[in-house]
Amino acid sequence: MSVTERAKVLDGTDDDDLSDRYRDERDWVAGRIELIRGLPHVETPLIEVPLPAKLDGLRLCVKNESVHPSGSHKHRLAEALFTNALASGWLRSEGPVVEASSGSTAISEAWFCQQLGLAFAAVVPSGTAKEKKDAIRDLNGNVVEAPPGADLCEHARQYALKVGGHFMDQFTYAERAYDWHGEHGLAPELLGAVDPDWFVMGAGTGGTVTSVGRYARNTGRKVRVCVTDPENSAFFAGWRDDNPKATDKGSRIEGIGRPRVEPSFLFPMVNRMIRVYDAASVAAMRVAADHLGFRPGPSTGTGLFGALRILHGMQDRGERGTVATLMCDDGSRYNNEYYNNDWCAAHGIDFEPWLDPITEFFQTGDWRPPTTFDTAPRPSDTLWNM
Ligand SMILES: Cc1ncc(COP(=O)(O)O)c(C=O)c1O
């Protein structure tokens with residue numbers, strides 16, 4: 001509400017102090033921040049994946065972020081975004097909060113809005129699956145479908161303006177909202193429990209890998225960051241060519257890979273990138289479910305495949321050390337998609353040829369990728385590879 005509008009509202013009341021340009025709900029803000037601080041902090045468990053004798057001296061650890069109350073590592077991002085927005089004076093008691101997301105971020109932000117007593121609206125791409133919209137609605141979130149072909153973030157920004165809400169804008173604010181100097185984030189938890197040589201995961205906003213990269217530099221840790229990027233994502237070419245304007249079609253792996261290089265994806269935080277076939281991501285996800293004792297979503301499969309490539313490269317060079325990745329969310333969110341063979345076939349994701357090679361690697365340490373795909377360069381010969 002502008003000063004002039006407020007003058008009209010206050011006309012005839014005793015309160016004639018209009019000196020504040022922005023209404024300042026200091027007590028409400030303090031109360032919400034206290035509420036966030038009081039929420040139980042979940043220290044997520046590490047899964048140690050048993051590796052075969054051939055990979056002796058190497059370790060693979062998967063931090064299980066699916067146990068957060070809102071089901072994914074986006075719980076941490078949502079907490080950071082709300083704290084940042086409250087402390088920045090952007091959130092109002094009347095809300096609503098608006099976000100561009102149909103996936104984990106929307107679910108986590110809806111969860112926090114429920115805790116904070118705020119209204120929430122997720123702006124989702126047209127044609128978003130009913131299960132996803134239901135998951136947001138189950139947390140009292142509103143679902144606004146953007147028209148086909150619309151720029152989702154721009155649509156969300158305009159929608160927030162129209163309803164007088166706040167566009168949270170995860171793609172811009174993820175990197176700066178994350179508390180990377182503190183001792184309670186993902187990075188301190190992970191680096192406190194293991195001392196990885198590599199942290200591997202895909203990027204959606206890029207906020208999570210950035211928080212690890214910054215924490216590592218700030219505390220003098222050795223860990224290097226590898227981003228695994230799915231097909232049709234702009235991050236890989238953007239990083240390789242140092243071109244923040246790179247674009248692509250956009251990924252089929254839920255949550256990661258973007259049609260443009262998002263503002264929260266900071267090139268210097270990334271030591272290495274690995275392009276991963278979608279079929280290999282889905283196969284790695286399914287191998288985890290069938291043989292490794294955890295049943296994740298597809299973005300975890302992309303990270304797991306990258307972890308395999310890094311382990312293979314380390315073994316090739318006779319190195320010892322630890323590779324860490326995340327279980328971003330649980331596979332139950334994807335039963336009707338990536339875990340459904342008909343859905344995969346309809347989307348042209350032929351994961352079958354990758355199942356045996358990935359399973360074999362985790363059982364024997366031998367790596368024999370399917371010949372039907374382009375053969376991968378030796379990891380020790382290149383900084384990036386499929
Ligand atoms: C399931 C899933 N995995 C991975 C990511 C990537 O995380 P970040 O946004 O921190 O790059 C996302 C982001 O939306 C996601 O939803």
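## Briefing: strands, domains and ligand shell

Val 144 lies in strand β5 (residues 142-145), where strands (E, at least two residues) and helices (H or I, at least four residues) are DSSP runs numbered from the N terminus. The structure is a predicted model, in which local features need pLDDT of at least 70 and side-chain atom pairs count only at pLDDT 80 or more, while totals for chains, interfaces and linings use all residues. Residues are numbered from 1 along each chain as its sequence is written.

**Val 144 and its surroundings**

- Val 144 is partly exposed, with 15 other C-beta atoms within 10 Å. A residue is buried if 20 or more other C-beta atoms lie within 10 Å of its own, exposed if 12 or fewer, and partly exposed in between, with C-beta atoms placed from the backbone.
- Leaving aside residues up to four places away in sequence, Val 144 touches Ala 121, Val 123 and Tyr 159. Contact requires the C-beta atoms of two residues, placed from the backbone, to lie within 7 Å.
- Between Val 144 and Ala 246 there are 28 Å in space, C-alpha to C-alpha, and the two are 102 residues apart in sequence.
- Asn 140 is found in the loop between α5 (130-138) and β5. Asn 140 has a positive phi of about 70 degrees although it is not a glycine, and it counts as partly exposed, with 13 C-beta neighbours inside 10 Å.

**The four-stranded sheet**

- An open sheet is formed by four strands in the order β5-β4-β3-β6, with parallel pairing. The strands β5 and β6 (166-167) stand at the edges with a single partner strand each, so one side of each has no neighbour in the sheet. Two strands pair if DSSP finds at least two bridges between them.
- Strand β3 (residues 97-100) pairs with β4 in the parallel sense over four bridges, and Val 97 stands opposite Phe 120 in β4.
- The pairing of β3 with β6 is also parallel, over two bridges, and places Val 98 opposite Phe 167 in β6.
- Strand β4 (residues 120-124) is largely enclosed by the rest of the structure, because five of its five residues are buried. In a regular strand the side chains alternate between the two faces of the sheet. In β4, Phe 120, Ala 122 and Val 124 point one way, whereas Ala 121 and Val 123 point the other way.

**From β6 into helix α7**

- Asp 169 lies in the loop between β6 and α7. Its phi is near 60 degrees, a positive value in a residue other than glycine, and Asp 169 is buried, with 21 other C-beta atoms within 10 Å.
- Helix α7 (residues 170-177) is mostly covered, six of its eight residues being buried. These are Gln 170, Phe 171, Tyr 173, Ala 174, Glu 175 and Ala 177.
- The buried residues of α7 pack against α3 (74-87), β3, α4, α6 (152-163) and α9.

**Strands β8 and β9**

- Strand β9 (residues 272-276) is mostly covered, with five of its five residues buried. Arg 272, Ile 274 and Val 276 point one way from β9, and Met 273 and Arg 275 the other way.
- Strand β8 (residues 224-230) runs parallel to β9 and is joined to it by five bridges; Asp 229 stands opposite Arg 275 in β9.

**Domains**

- The protein is divided into domain 1 (46-70 + 181-381) and domain 2 (74-174), with bounds that come from an automatic or database domain assignment.
- The centres of the two domains, taken over C-alpha atoms, are separated by 26 Å.
- Between the domains, 15 residues of domain 1 are in contact with 15 residues of domain 2. The side of domain 1 that touches domain 2 divides into three nonpolar, nine polar and three charged residues. Ala, Val, Leu, Ile, Met, Phe, Trp, Tyr, Cys and Pro count as nonpolar, Asp, Glu, Lys and Arg as charged, and the others, Gly among them, as polar.
- An unreviewed UniProt entry lists residues 43-329 as "domain: Tryptophan synthase beta chain-like PALP"; UniProt positions are given in the numbering used here, feature names are shortened, and annotations may be inferred rather than shown by experiment.
- Over residues 43-329 the chain is 41% helix and 17% strand, with its end C-alpha atoms 15 Å apart.

**Ligand shell**

- Of the 20 residues around the ligand, Gly 204, Thr 205, Thr 208, Gly 255 and Ser 299 come nearest. A residue is near a molecule if its C-beta atom, placed from the backbone, lies within 6 Å of it.
- The shell residues divide into four nonpolar, 13 polar and three charged.
- Helices α4 (104-116) and α9 (207-218) each supply at least two residues of the shell, and domain 1 and domain 2 each contribute at least three.
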